[in-house]
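User: Hi! I'm new to this one, could you walk me through it?
Analyst: Happy to, here it is.
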Amino acid sequence: SYLGPLFYLSQDICEIYFIFREIFYIHFAPLQAINSHPNGIVSLLVQFERLLEATSPLIANHFLNLGRSATSVVFPWIFYAFTPFLAIEELFLLFDRMLVTQSNELLPLLAVAILVNNQDAIIDCSTLDELNSLLTEDILPDVSVTSVLNSLFSA
């Protein structure tokens with residue numbers, strides 16, 4: 001799923017390979033290993049949990065009341081760097097920011113920002129199925145990376 005969006009950039013397989021190799025080495029490979037790498041999945045999930053608790057303990061508690069941690073819900077978002085979840089234009093905006101910062105730290109920030117921006121709708125969900133449907137069908141397809149991240153920093 002990491003490779004798919006790159007086919008929007010070029011039809012030359014060799015060019016896509018070299019682009020993918022660079023991005024994978026810096027950004028996606030650390031997501032695949034369980035270790036303490038700062039760009040790795042474990043570190044990013046810890047950052048997500050801490051940031052969510054700091055910005056919206058209400059959301060974190062609501063997830064737990066529904067029988068699931070928020071981390072388990074956003075794990076695939078972060079693990080796959082949002083590739084199967086966001087519109088392609090938004091994915092490129094996210095990747096652009098990740099390439100500039102040479103860091104995956106935007107992934108947990110974006111995950112928290114998405115939840116915080118939709119706090120009221122999330123709190124209104126009374127079942128896990130309702131919550132999953134809200135996130136996958138209503139929220140993620142319409143995410144604007146720039147405005148969601150800006151809202152987190154302006155709050």
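User: How many disulfides does it have?
Analyst: The count comes to 0 disulfides. Keep in mind that this is a predicted model.
User: What would count as a disulfide here?
Analyst: A pair of cysteine sulfur atoms within 2.5 Å.
User: And cysteine 14, is that buried or exposed?
Analyst: Cysteine 14 is exposed, because its relative accessibility is 51% and the cut-off for exposed is over 50%.
User: What about cysteine 125, buried or exposed?
Analyst: Cysteine 125 is buried, with a relative accessible area of 4%.
User: Switching to helices. How do α2 and α4 cross?
Analyst: Helix α2 (residues 41-55) and helix α4 (residues 70-79) have axes that come within 10 Å and cross at roughly 130 degrees. So α2 is oblique to α4. The crossing of α2 past α4 is right-handed.
User: Which residues make that contact?
Analyst: From α2, they include Leu44, Phe48 and Leu52, and from α4, Val74, Phe75 and Ile78 are among them. By class, the contact of α2 with α4 has 10 nonpolar, 1 polar and 1 charged residues.
User: Nice. At what angle do α2 and α6 pack?
Analyst: About 35 degrees, and the axes of α2 and helix α6 (residues 106-117) are 9 Å apart. Here too, α2 passes α6 in a right-handed crossing.
User: Which residues meet there?
Analyst: On the α2 side, Leu44, Phe48 and Leu52 are among them, and α6 brings residues including Leu109, Val112 and Leu115. The contact of α2 with α6 divides into 11 nonpolar, 2 polar and no charged residues.

Terms used
Residues are numbered from 1 along each chain as its sequence is written. This is a predicted model: local features need pLDDT of at least 70, side-chain atom pairs count only at pLDDT 80 or more; totals for chains, interfaces and linings use all residues. Side-chain values use heavy atoms; hydrogens and water are left out. Buried means under 20% relative accessible area, exposed over 50%, partly exposed in between (1.4 Å probe, protein chains only). Axes are lines fitted to C-alpha atoms, for helices over the stretch in contact, and angles run from 0 to 180 degrees between N-to-C directions. Helices (H or I, at least four residues) and strands (E, at least two) are DSSP runs, numbered from the N terminus. Angles under 35 degrees count as roughly parallel, over 145 as roughly antiparallel, 65 to 115 as roughly perpendicular and the rest as oblique. A crossing is left-handed if the near helix is turned anticlockwise from the far one by less than a right angle, and right-handed if clockwise. Contact means heavy atoms within 4.5 Å. Ala, Val, Leu, Ile, Met, Phe, Trp, Tyr, Cys and Pro count as nonpolar, Asp, Glu, Lys and Arg as charged, and the others, Gly among them, as polar.
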